[in-house]
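Thanks for coming, everyone. I would like to walk you through one model this morning, so please have a look at it before I start.

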Amino acid sequence: MKDPAAVASAPPVRGYRLAAATGLHKGDRPYQQDQVMMMTHPRAPGCVLGVVADGMGGRSGGRKASDQVLMTARQLFSRYKPGRDEAVHVLRQLLEDANTVIKLTAISSEQEPHSTLAAFLMNPEGDCAWIHAGDSRIYHFRRGELIKRTKDHSYVQVLVDRGEISEDEANIHPQGNILLGCLGMKSTPPPVDIHFVPKLEPDDLLLACSDGLWHYFRPEEMGRVLAEQTPRAAAELLVAEARRRACGTGDNISLAILKLESLPEPEDN
């Protein structure tokens, strides 16, 4: 396992400080196609971008696709100016530009690379936007309770929405790996699924992760671990438990955690 890398905490902003970590593990696969990134803005303290990309399309094709998602994210975030640019617009551009680059790679290399995308962008004032395509997810927890999560662009999610199967049944469905939307598909444009949070609060937490992680946990399990542990410790615990529950059949794992840790109340003089 690659040790989760803690991101430097930003200066205190309105009653909280930011703490973050990433984790990456190849699971029981022979090679790693997931990629994960957490970046603090070079000129705007308190502005953070988290990205998870789960590549598909053979050993080199899948990794190339997820690499291109991260490359595109770095380029766009380096030019992003909070207060002038819209986070939603940047995330939409990330999806569109990465999709174009992946499709061009498919033409030039005669491969069929694809990638999921799960990305969130938090501004210094505490507002946050996220975007996703495929079955990599973003979870928003508050003090361990699930506030919202993304909905997968997958065949089994359609069955769940229709009431034909439950969430638990979807996890063991034989067609659970069929995606209806992601980056790099030839005939179908990627879904543009965006969510905006006007104000994150102290004790809020965002988790972006690939299906190699979330497949093995109920949301309340993850929420409890994330609330009780530091981001680094939570990443290590979740990856280790996913590996144990996979019983030798685990997929690549990637996750990015951003936690708004409450500052202690000032003491009265």
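Cysteine 247 is found in the loop between H7 and E11, where helices (H or I, at least four residues) and strands (E, at least two) are DSSP runs, numbered from the N terminus. This is a predicted model, in which local features need pLDDT of at least 70 and side-chain atom pairs count only at pLDDT 80 or more, while totals for chains, interfaces and linings use all residues. Residues are numbered from 1 along each chain as its sequence is written, and side-chain values use heavy atoms, with hydrogens and water left out.

Back to the cysteine. Its phi is near 55 degrees, a positive value in a residue other than glycine, and the residue comes just after H7. Most residues other than glycine have a negative phi. Cysteine 247 has a relative accessible area of 66% and is therefore exposed; here buried means under 20% relative accessible area, exposed over 50%, and partly exposed in between, with a 1.4 Å probe and protein chains only. A positive phi, near 50 degrees, is also found at arginine 143, which lies in the loop between strand E7 (137-142) and strand E8 (145-149) and counts as exposed because its relative accessibility is 54%.

Let me turn to charges. How many salt bridges does the structure hold? There are 17 of them, a salt bridge being a side-chain nitrogen of Lys or Arg within 4 Å of a carboxyl oxygen of Asp or Glu. One of these joins aspartate 28 to arginine 243, with the closest N and O atoms 2.8 Å apart. This pair links distant parts of the chain, since aspartate 28 is in the loop between E1 and strand E2 (34-40) and arginine 243 is in helix H7, 215 residues apart. Aspartate 28 counts as partly exposed because its relative accessibility is 31%, and arginine 243 is partly exposed as well, at 24%.

Within H7 itself, the side chains of arginine 244 and glutamate 241 meet in a salt bridge at 2.6 Å, N to O, and these two residues are three apart, about one turn of the helix. Arginine 244 counts as exposed, at 55% relative accessibility. A network of salt bridges links Glu221, Glu241, Arg244 and Arg245.

Helix H1 (residues 58-79) holds both aspartate 67 and arginine 63, four residues apart, about one turn of the helix, and their side chains form a salt bridge at 3.0 Å, N to O. Aspartate 67 is partly exposed, with a relative accessible area of 31%, and arginine 63 is partly exposed at 30%. Serine 66, also placed in helix H1, is by contrast buried, with a relative accessible area of 0%. Leaving aside neighbours within four places in sequence, serine 66 is in contact with Gln33, Asp34, Gln35, Ala53, Gly55 and Ser115.

I will finish with the rings. The structure holds two aromatic pairs. The rings of phenylalanine 77 and tyrosine 80 have their centres 6.2 Å apart and their planes at 15 degrees, so this pair is stacked, and both residues are buried. The rings of tyrosine 139 and phenylalanine 141 have their centres 5.8 Å apart and their planes at 5 degrees, so this pair is stacked, and both of these residues are buried. Rings of Phe, Tyr and Trp (its six-membered ring) pair if their centres lie within 6.5 Å, and planes under 30 degrees apart count as stacked, over 60 as edge-to-face and the rest as tilted. Finally, the charged end of arginine 137 sits over the ring of tryptophan 214, 3.4 Å from its centre, the criterion being NZ of Lys or CZ of Arg within 6 Å of the ring centre and within 35 degrees of the ring normal.

Conventions. Contact means heavy atoms within 4.5 Å.
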